[in-house]
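Subject: Structure handover

Hi,

Here is the structure I promised. Please open it alongside this note; what I found follows below.

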Amino acid sequence: MYVTTTIPYVNARPHLGHALELVQADVLARHHRRRGAPVRFQTGSDDNSLKNVLAAEAAGVPVRELVGRNAAAFEALRGPLGVSFDAFIRTSAHPAHRAGVERIWKETAHDLYQRHYEGLYCVGCEQFYQEGPCPDGHPGPLQTVSEQNWFFRLSRYQDALLGLIGSGRLRIEPAARRNEVLAFVAAGLSDISVSRSAARARGWGIPVPGDPGQVIYVWWDALANYVTALDEPGAYGRWWVREQDKVHIVGKGVIRFHAVHWPAMLLSAGRPLPTAIFVHDYITAAFPADGGPPRGGGGRR
(Lines give C-alpha, C1' and ligand atoms only; values in the text may rest on other atoms or scores of the structure.)
Protein backbone atom coordinates (compact mmCIF):
# COMPACT_ATOMS: atom_id res chain seq x y z
CA MET A 1 0.00 0.00 0.00
CA TYR A 2 1.10 3.55 -0.79
CA VAL A 3 -0.61 5.90 1.68
CA THR A 4 -0.19 9.67 1.69
CA THR A 5 -1.47 12.69 3.55
CA THR A 6 -2.00 16.10 2.07
CA ILE A 7 1.02 18.36 2.45
CA PRO A 8 0.07 21.45 4.49
CA TYR A 9 1.06 25.05 3.95
CA VAL A 10 3.81 26.03 6.36
CA ASN A 11 2.86 29.67 6.92
CA ALA A 12 2.41 28.72 10.59
CA ARG A 13 3.14 25.89 12.98
CA PRO A 14 1.03 22.69 13.05
CA HIS A 15 -2.41 22.59 14.65
CA LEU A 16 -4.68 19.77 15.82
CA GLY A 17 -6.18 19.20 12.36
CA HIS A 18 -2.77 18.27 10.99
CA ALA A 19 -2.32 15.77 13.83
CA LEU A 20 -5.69 14.19 12.99
CA GLU A 21 -4.73 13.48 9.39
CA LEU A 22 -1.27 12.18 10.24
CA VAL A 23 -2.65 9.81 12.88
CA GLN A 24 -5.39 8.54 10.55
CA ALA A 25 -2.83 7.76 7.86
CA ASP A 26 -0.53 6.17 10.44
CA VAL A 27 -3.30 3.86 11.65
CA LEU A 28 -3.91 2.70 8.09
CA ALA A 29 -0.20 2.17 7.43
CA ARG A 30 0.37 0.26 10.69
CA HIS A 31 -2.69 -1.92 10.11
CA HIS A 32 -1.42 -3.08 6.73
CA ARG A 33 2.13 -3.56 7.98
CA ARG A 34 0.86 -5.79 10.80
CA ARG A 35 -0.92 -7.88 8.17
CA GLY A 36 2.41 -8.37 6.42
CA ALA A 37 1.79 -6.02 3.48
CA PRO A 38 4.56 -3.76 2.17
CA VAL A 39 3.70 -0.11 2.91
CA ARG A 40 5.09 3.28 1.99
CA PHE A 41 3.66 6.10 4.14
CA GLN A 42 4.49 9.59 2.86
CA THR A 43 3.79 13.13 4.06
CA GLY A 44 5.50 16.49 3.72
CA SER A 45 5.12 20.26 3.49
CA ASP A 46 3.74 22.58 0.80
CA ASP A 47 6.38 25.31 0.69
CA ASN A 48 5.65 27.16 -2.57
CA SER A 49 2.57 29.10 -1.48
CA LEU A 50 1.73 32.80 -1.55
CA LYS A 51 0.44 32.29 2.01
CA ASN A 52 3.97 31.40 3.04
CA VAL A 53 5.37 34.46 1.27
CA LEU A 54 2.93 36.80 3.01
CA ALA A 55 3.59 35.18 6.39
CA ALA A 56 7.33 35.68 5.91
CA GLU A 57 6.81 39.32 4.95
CA ALA A 58 4.67 39.87 8.05
CA ALA A 59 7.36 38.26 10.23
CA GLY A 60 10.15 40.22 8.55
CA VAL A 61 12.17 37.13 7.64
CA PRO A 62 13.19 35.56 4.31
CA VAL A 63 10.64 33.12 2.89
CA ARG A 64 13.11 30.26 2.83
CA GLU A 65 13.89 30.77 6.50
CA LEU A 66 10.23 30.80 7.53
CA VAL A 67 9.25 27.72 5.52
CA GLY A 68 12.32 25.84 6.67
CA ARG A 69 11.58 26.53 10.32
CA ASN A 70 7.90 25.65 10.09
CA ALA A 71 8.45 22.59 7.88
CA ALA A 72 10.85 21.28 10.51
CA ALA A 73 8.06 21.60 13.10
CA PHE A 74 5.76 19.51 10.91
CA GLU A 75 8.39 16.85 10.34
CA ALA A 76 9.09 16.76 14.09
CA LEU A 77 5.51 15.59 14.73
CA ARG A 78 6.87 12.09 14.12
CA GLY A 79 8.09 12.04 17.74
CA PRO A 80 5.19 13.29 19.90
CA LEU A 81 2.52 11.66 17.71
CA GLY A 82 4.46 8.44 17.24
CA VAL A 83 3.71 8.36 13.51
CA SER A 84 5.63 6.01 11.24
CA PHE A 85 5.97 7.86 7.94
CA ASP A 86 8.69 6.59 5.62
CA ALA A 87 9.24 9.79 3.64
CA PHE A 88 8.78 13.52 4.18
CA ILE A 89 8.92 15.78 1.12
CA ARG A 90 9.49 19.54 1.24
CA THR A 91 8.46 20.98 -2.11
CA SER A 92 11.00 23.82 -2.00
CA ALA A 93 13.92 21.59 -1.04
CA HIS A 94 13.35 18.04 -2.31
CA PRO A 95 16.01 17.42 -4.98
CA ALA A 96 13.63 15.75 -7.46
CA HIS A 97 10.48 17.80 -6.96
CA ARG A 98 11.05 20.75 -9.30
CA ALA A 99 12.21 18.55 -12.17
CA GLY A 100 9.22 16.26 -11.60
CA VAL A 101 6.75 19.15 -11.67
CA GLU A 102 8.32 20.48 -14.87
CA ARG A 103 8.06 17.01 -16.41
CA ILE A 104 4.33 16.79 -15.66
CA TRP A 105 3.84 20.32 -17.05
CA LYS A 106 5.44 19.24 -20.33
CA GLU A 107 3.46 15.97 -20.40
CA THR A 108 0.22 17.98 -20.16
CA ALA A 109 1.27 20.68 -22.65
CA HIS A 110 -1.44 19.56 -25.12
CA ASP A 111 -4.02 20.67 -22.53
CA LEU A 112 -2.40 24.00 -21.60
CA TYR A 113 -3.10 27.39 -23.14
CA GLN A 114 -2.80 31.08 -22.20
CA ARG A 115 -5.54 33.62 -21.68
CA HIS A 116 -6.34 36.70 -19.66
CA TYR A 117 -8.31 36.11 -16.49
CA GLU A 118 -9.97 38.28 -13.90
CA GLY A 119 -11.52 36.83 -10.77
CA LEU A 120 -11.83 36.84 -6.98
CA TYR A 121 -8.96 35.14 -5.22
CA CYS A 122 -8.71 33.79 -1.67
CA VAL A 123 -5.10 33.65 -0.53
CA GLY A 124 -6.12 31.38 2.37
CA CYS A 125 -7.46 28.75 -0.03
CA GLU A 126 -5.07 29.66 -2.87
CA GLN A 127 -8.12 29.45 -5.13
CA PHE A 128 -10.34 31.59 -7.38
CA TYR A 129 -14.05 31.89 -6.57
CA GLN A 130 -17.01 33.27 -8.48
CA GLU A 131 -18.17 35.32 -5.49
CA GLY A 132 -17.34 36.02 -1.85
CA PRO A 133 -16.98 35.61 1.00
CA CYS A 134 -14.60 32.65 1.22
CA PRO A 135 -16.72 29.50 1.69
CA ASP A 136 -14.08 28.09 4.04
CA GLY A 137 -14.31 31.08 6.37
CA HIS A 138 -10.98 32.81 5.71
CA PRO A 139 -11.30 36.39 6.97
CA GLY A 140 -11.35 39.53 4.85
CA PRO A 141 -12.62 40.22 1.35
CA LEU A 142 -11.50 38.19 -1.64
CA GLN A 143 -8.86 39.89 -3.77
CA THR A 144 -9.68 40.98 -7.31
CA VAL A 145 -6.92 39.58 -9.52
CA SER A 146 -6.48 40.36 -13.21
CA GLU A 147 -3.60 38.76 -15.10
CA GLN A 148 -2.49 36.62 -18.04
CA ASN A 149 -2.26 33.00 -16.90
CA TRP A 150 -1.82 29.49 -18.20
CA PHE A 151 -4.99 27.38 -18.16
CA PHE A 152 -5.56 23.63 -18.07
CA ARG A 153 -8.41 22.08 -20.08
CA LEU A 154 -10.13 20.47 -17.11
CA SER A 155 -13.41 20.55 -19.03
CA ARG A 156 -12.02 17.91 -21.41
CA TYR A 157 -12.02 15.30 -18.63
CA GLN A 158 -15.58 15.61 -17.33
CA ASP A 159 -16.90 12.39 -18.85
CA ALA A 160 -13.78 10.42 -17.95
CA LEU A 161 -13.99 11.53 -14.32
CA LEU A 162 -17.67 10.67 -14.09
CA GLY A 163 -16.90 7.20 -15.39
CA LEU A 164 -13.96 6.62 -13.07
CA ILE A 165 -15.71 7.82 -9.92
CA GLY A 166 -19.13 6.42 -10.74
CA SER A 167 -17.72 2.97 -11.45
CA GLY A 168 -15.60 2.91 -8.30
CA ARG A 169 -12.33 2.60 -10.21
CA LEU A 170 -11.42 5.79 -8.35
CA ARG A 171 -12.90 5.08 -4.93
CA ILE A 172 -13.98 8.04 -2.79
CA GLU A 173 -15.10 7.42 0.79
CA PRO A 174 -17.39 8.14 2.54
CA ALA A 175 -20.28 7.88 0.08
CA ALA A 176 -21.52 11.40 0.88
CA ARG A 177 -18.22 12.85 -0.34
CA ARG A 178 -18.28 10.66 -3.45
CA ASN A 179 -21.76 11.95 -4.26
CA GLU A 180 -20.57 15.51 -3.65
CA VAL A 181 -17.78 15.09 -6.18
CA LEU A 182 -20.04 13.40 -8.73
CA ALA A 183 -22.57 16.23 -8.47
CA PHE A 184 -19.82 18.83 -8.87
CA VAL A 185 -18.42 17.14 -11.99
CA ALA A 186 -21.85 16.46 -13.50
CA ALA A 187 -22.75 20.15 -13.16
CA GLY A 188 -20.00 20.97 -15.67
CA LEU A 189 -16.27 21.57 -15.37
CA SER A 190 -14.56 24.80 -16.37
CA ASP A 191 -10.92 25.09 -17.35
CA ILE A 192 -8.70 26.16 -14.46
CA SER A 193 -5.85 28.63 -14.10
CA VAL A 194 -2.62 26.77 -13.36
CA SER A 195 -0.10 29.59 -13.15
CA ARG A 196 0.35 32.90 -11.36
CA SER A 197 2.38 35.96 -12.27
CA ALA A 198 5.88 35.80 -10.83
CA ALA A 199 5.41 39.37 -9.64
CA ARG A 200 2.36 38.48 -7.52
CA ALA A 201 4.15 35.39 -6.21
CA ARG A 202 7.15 37.59 -5.30
CA GLY A 203 9.27 35.25 -7.41
CA TRP A 204 8.65 32.34 -5.02
CA GLY A 205 7.69 29.04 -6.63
CA ILE A 206 8.58 26.94 -9.66
CA PRO A 207 8.78 28.96 -12.89
CA VAL A 208 6.62 27.84 -15.80
CA PRO A 209 8.92 26.09 -18.30
CA GLY A 210 9.70 28.57 -21.07
CA ASP A 211 7.78 31.41 -19.37
CA PRO A 212 9.76 32.80 -16.41
CA GLY A 213 7.23 35.61 -15.90
CA GLN A 214 4.84 32.98 -14.49
CA VAL A 215 5.16 30.48 -11.66
CA ILE A 216 3.29 27.19 -11.55
CA TYR A 217 0.11 27.35 -9.44
CA VAL A 218 0.81 26.07 -5.95
CA TRP A 219 -1.84 23.33 -6.10
CA TRP A 220 -0.50 21.98 -9.41
CA ASP A 221 2.95 22.01 -7.81
CA ALA A 222 1.79 20.43 -4.53
CA LEU A 223 -0.35 17.63 -5.97
CA ALA A 224 2.62 16.41 -7.97
CA ASN A 225 4.43 15.53 -4.74
CA TYR A 226 2.70 12.14 -4.66
CA VAL A 227 4.85 11.08 -7.61
CA THR A 228 7.85 13.45 -7.52
CA ALA A 229 8.92 12.15 -4.10
CA LEU A 230 9.21 8.63 -5.52
CA ASP A 231 12.72 9.39 -6.72
CA GLU A 232 14.64 6.47 -5.26
CA PRO A 233 15.70 3.93 -7.90
CA GLY A 234 12.65 1.89 -8.87
CA ALA A 235 10.32 3.68 -6.42
CA TYR A 236 8.00 5.25 -9.00
CA GLY A 237 7.43 1.95 -10.79
CA ARG A 238 7.02 0.06 -7.51
CA TRP A 239 4.69 2.44 -5.68
CA TRP A 240 2.83 4.32 -8.42
CA VAL A 241 2.78 2.15 -11.53
CA ARG A 242 2.50 -1.38 -10.11
CA GLU A 243 1.04 -0.78 -6.64
CA GLN A 244 -2.63 -1.77 -6.57
CA ASP A 245 -3.53 0.18 -3.42
CA LYS A 246 -2.67 3.89 -3.66
CA VAL A 247 -4.60 5.85 -1.01
CA HIS A 248 -4.75 9.60 -0.41
CA ILE A 249 -5.95 10.77 3.04
CA VAL A 250 -7.40 14.28 2.66
CA GLY A 251 -9.59 16.81 4.45
CA LYS A 252 -13.02 17.70 3.11
CA GLY A 253 -11.90 21.21 2.15
CA VAL A 254 -9.48 19.96 -0.52
CA ILE A 255 -11.50 17.12 -2.00
CA ARG A 256 -12.01 18.79 -5.40
CA PHE A 257 -8.28 19.26 -5.87
CA HIS A 258 -7.62 15.59 -5.14
CA ALA A 259 -10.68 13.97 -6.69
CA VAL A 260 -11.07 16.22 -9.77
CA HIS A 261 -7.96 18.26 -10.60
CA TRP A 262 -5.34 15.63 -9.71
CA PRO A 263 -6.91 12.72 -11.63
CA ALA A 264 -7.44 14.99 -14.63
CA MET A 265 -3.78 16.02 -14.51
CA LEU A 266 -2.73 12.37 -14.46
CA LEU A 267 -5.09 11.44 -17.29
CA SER A 268 -3.66 14.28 -19.36
CA ALA A 269 -0.10 13.18 -18.58
CA GLY A 270 -0.89 9.54 -19.38
CA ARG A 271 0.00 8.37 -15.88
CA PRO A 272 -1.69 5.88 -13.54
CA LEU A 273 -4.32 7.17 -11.11
CA PRO A 274 -4.63 6.75 -7.34
CA THR A 275 -7.04 4.01 -6.36
CA ALA A 276 -8.76 5.60 -3.34
CA ILE A 277 -9.34 8.95 -1.68
CA PHE A 278 -10.43 8.80 1.97
CA VAL A 279 -11.94 12.09 3.14
CA HIS A 280 -12.15 13.23 6.75
CA ASP A 281 -14.11 16.10 8.29
CA TYR A 282 -12.62 18.80 10.50
CA ILE A 283 -12.09 18.74 14.25
CA THR A 284 -14.65 21.13 15.72
CA ALA A 285 -14.94 22.56 19.21
CA ALA A 286 -16.99 25.25 20.93
CA PHE A 287 -15.20 27.08 23.74
CA PRO A 288 -17.39 28.28 26.63
CA ALA A 289 -17.39 31.91 27.69
CA ASP A 290 -15.71 31.02 31.00
CA GLY A 291 -12.59 29.89 29.17
CA GLY A 292 -12.93 26.30 30.34
CA PRO A 293 -12.37 23.17 28.25
CA PRO A 294 -14.32 22.80 24.98
CA ARG A 295 -17.71 21.12 25.20
CA GLY A 296 -18.01 20.01 21.57
CA GLY A 297 -20.10 21.51 18.79
CA GLY A 298 -19.43 23.91 15.97
CA GLY A 299 -16.53 26.03 14.93
CA ARG A 300 -13.83 25.65 12.29
CA ARG A 301 -10.60 23.80 12.60
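This is a predicted model: local features need pLDDT of at least 70, side-chain atom pairs count only at pLDDT 80 or more; totals for chains, interfaces and linings use all residues.

Two strands count as paired if DSSP finds at least two bridges between them.

**Strands**

E4 and strand E5 (residues 127-129) are joined by 3 bridges and run antiparallel. Leucine 120 has tyrosine 129 in E5 as its bridge partner. The hairpin has 4 residues between its strands. What phi does glutamate 126 take there? A positive one, near 55°.

E4 has another pairing. Strand E4 (residues 112-122) and strand E6 (residues 143-152) pair over 10 bridges, in the antiparallel sense. Opposite arginine 115 stands asparagine 149 in E6.

Elsewhere, 3 strands make up an open sheet. The order is E9-E11-E10, with antiparallel pairing. Its edge strands are E9 (195-197) and E10 (207-208), each pairing on one side only. Between E9 and strand E11 (residues 211-216) there are 3 bridges, antiparallel in sense. One of the residues to look up is serine 195, whose bridge partner in E11 is isoleucine 216.

**Salt bridges**

How many salt bridges does a search of the whole structure find? It finds 15. Here are some of them.

Arginine 30 and aspartate 26 meet through their side chains, at 2.7 Å from N to O. Why are they about one helical turn apart? Because they sit 4 residues apart in helix H1 (residues 16-34). Aspartate 26 has a relative accessible area of 6%, so it is buried; the cut-off for buried is under 20%.

Helix H1 also supplies arginine 33. Its side chain meets that of aspartate 86 in a salt bridge of 3.0 Å, N to O. This pair links distant parts of the chain, 53 residues apart. Aspartate 86 lies in the loop between helix H4 (78-81) and strand E3 (87-90). Aspartate 86 is partly exposed, at 44% relative accessible area. Arginine 33 is partly exposed as well, at 28%.

Next, arginine 69 and glutamate 65. Their side chains form a salt bridge of 3.6 Å, N to O. Both residues lie in helix H3 (residues 63-75), 4 residues apart, or about one turn of the helix. Arginine 69 counts as partly exposed at 42% relative accessibility. Glutamate 65 counts as partly exposed, also at 42%.

There is a network too: salt bridges link Arg171, Glu173 and Arg178.

**Nonpolar cores**

The largest nonpolar core has 81 residues. Which residues have the most contacts inside it? Val3, Phe152 and Trp220 do. Helix H11 (residues 255-269) gives this core its largest share, 8 residues.

Leaving out residues up to four places away in sequence, valine 3 touches Ala25, Leu28, Ala29, Val39, Arg40, Phe41, Gln42, Val247 and Ile249.

Tyr129 is the residue already mentioned as the bridge partner of leucine 120.

Best regards

Terms used
Residues are numbered from 1 along each chain as its sequence is written. Side-chain values use heavy atoms; hydrogens and water are left out. A salt bridge is a side-chain nitrogen of Lys or Arg within 4 Å of a carboxyl oxygen of Asp or Glu. Helices (H or I, at least four residues) and strands (E, at least two) are DSSP runs, numbered from the N terminus. Buried means under 20% relative accessible area, exposed over 50%, partly exposed in between (1.4 Å probe, protein chains only). A nonpolar core is a set of buried Ala, Val, Leu, Ile, Met, Phe, Trp, Tyr and Cys residues joined through side-chain atoms within 4.5 Å. Contact means heavy atoms within 4.5 Å.
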